[in-house]
Amino acid sequence: RAADGTAIFAMSDQKDVALEVQVTNVPSDPAQPQRDGDDAHEALLTATFPPELPYSALRPFDARAPSPVVCLANQNGSQVECELGNPLKRGAQARFFLILSTLGITIQTTDLAQPGLEPVVARARVVIELPLSVTGVAVPPRLFFGGVVRGESAVRRESQVGSAVRLQVTVSNRGQSLKTLGSAFLTILWPHELINGKWLLYPLHLQLETPPGQRTACSPPANP
């Protein structure tokens, strides 16, 4: 939870959110339970949800005990109606879980608010954690230069500079894929020149291999 007590959803491998619902049919004055109260016929609960958290399933509070609650949702899961009992007996309670899917949450989601609630506002902050993995390998891993040392103005061909080094970097997402990943940046540094200003390693060619539909670009694309 945050410092102000707000619940925090850390989205990594969390595919579902369980919303606990408890409905009771009790007298208006618990101190005088015999004054009023009756069985609630055709007791019905209607719940609406934001597009980031659509309804997914119904789960009983106690898996060992059968529940009379039956829920029917609309096509996109933005609303669900649950039959609590016909009747819901006087003094009885219905307790169950509504399972909400997190597939609608994107990188732009910052908080979740349940719509249509005037007396109570249910709100939670969202933290999206992408378990990105970065690995790199240099080929060859060790390089010796034993040729003739030339000044920069005397170099005419790349082969006169020295052997090439191939640096292969792989970035992968080990978690669930979001609908929109937003932008992720990787900064690569290498020894460009020596302390006396002599060039050491500088890029000659850049090759990108990405999945279809994924936009990837480098800046600058190359340094001839």
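This short talk walks through the strands, the disulfide, the aromatic pair and a few backbone details of the structure above.

Please keep in mind that this is a predicted model, in which local features need pLDDT of at least 70 and side-chain atom pairs count only at pLDDT 80 or more, while totals for chains, interfaces and linings use all residues. Residues are numbered from 1 along each chain as its sequence is written, and side-chain values use heavy atoms, with hydrogens and water left out.

Let me start with the chain as a whole. The secondary structure comes to 0 helices and 11 strands, where helices (H or I, at least four residues) and strands (E, at least two) are DSSP runs numbered from the N terminus. Of the 224 residues in the protein chain, 19% are buried; buried means under 20% relative accessible area, exposed means over 50%, and partly exposed lies in between, with a 1.4 Å probe and protein chains only. Among the contacts with a separation of 6 or more, 71% come from residues 24 or more positions apart, a contact being heavy atoms within 4.5 Å.

Now to the pairing of the strands, for which DSSP has to find at least two bridges between two strands. An open sheet is formed by 3 strands in the order β2-β7-β4, with antiparallel pairing. Its edge strands, β2 (16–24) and β4, each pair on one side only. Within this sheet, β4 and β7 pair over 5 bridges, and Y55 has L100 in β7 as its bridge partner.

Strands β5 and β6 pair in the antiparallel sense over 4 bridges, and their hairpin has 5 residues between the strands, with G77 taking a positive phi near 75 degrees.

Which residues does the disulfide join? The disulfide joins C71 to C82, with an S to S distance of 2.0 Å, and a search of the whole structure finds 1 such link, the criterion being a pair of cysteine sulfur atoms within 2.5 Å. Because C71 lies in strand β5 (residues 70–73) and C82 in strand β6 (residues 79–85), the pair ties together parts that are 11 residues apart in sequence. C82 is also the bridge partner of C71 in β6. The link is right-handed, with 105 degrees about the S-S bond. C71 counts as buried at 18% relative accessibility, and C82 counts as buried at 0%.

The structure also holds 1 aromatic pair, and here the rule is that rings of Phe, Tyr and Trp (its six-membered ring) pair if their centres lie within 6.5 Å, with planes under 30 degrees apart counted as stacked, over 60 as edge-to-face and the rest as tilted. F61 and F97 are stacked, at 5.7 Å centre to centre and 20 degrees between the planes. This pair links distant parts of the chain, since F61 sits in the loop between β4 (55–60) and β5, whereas F97 is in strand β7 (residues 93–101), 36 residues apart. F61 counts as partly exposed, at 38% relative accessibility.

Finally, some backbone details. The peptide bond from N86 to P87 is cis, with omega near 5 degrees, and P87 is found in the loop between β6 and β7. The bond from V139 to P140 is cis as well, with omega near -5 degrees, and P140 is found in the loop between β10 (132–139) and β11 (166–173). E42, although not a glycine, has a positive phi of about 50 degrees; E42 lies in the loop between β2 and β3 (43–48) and is exposed, with a relative accessible area of 63%.
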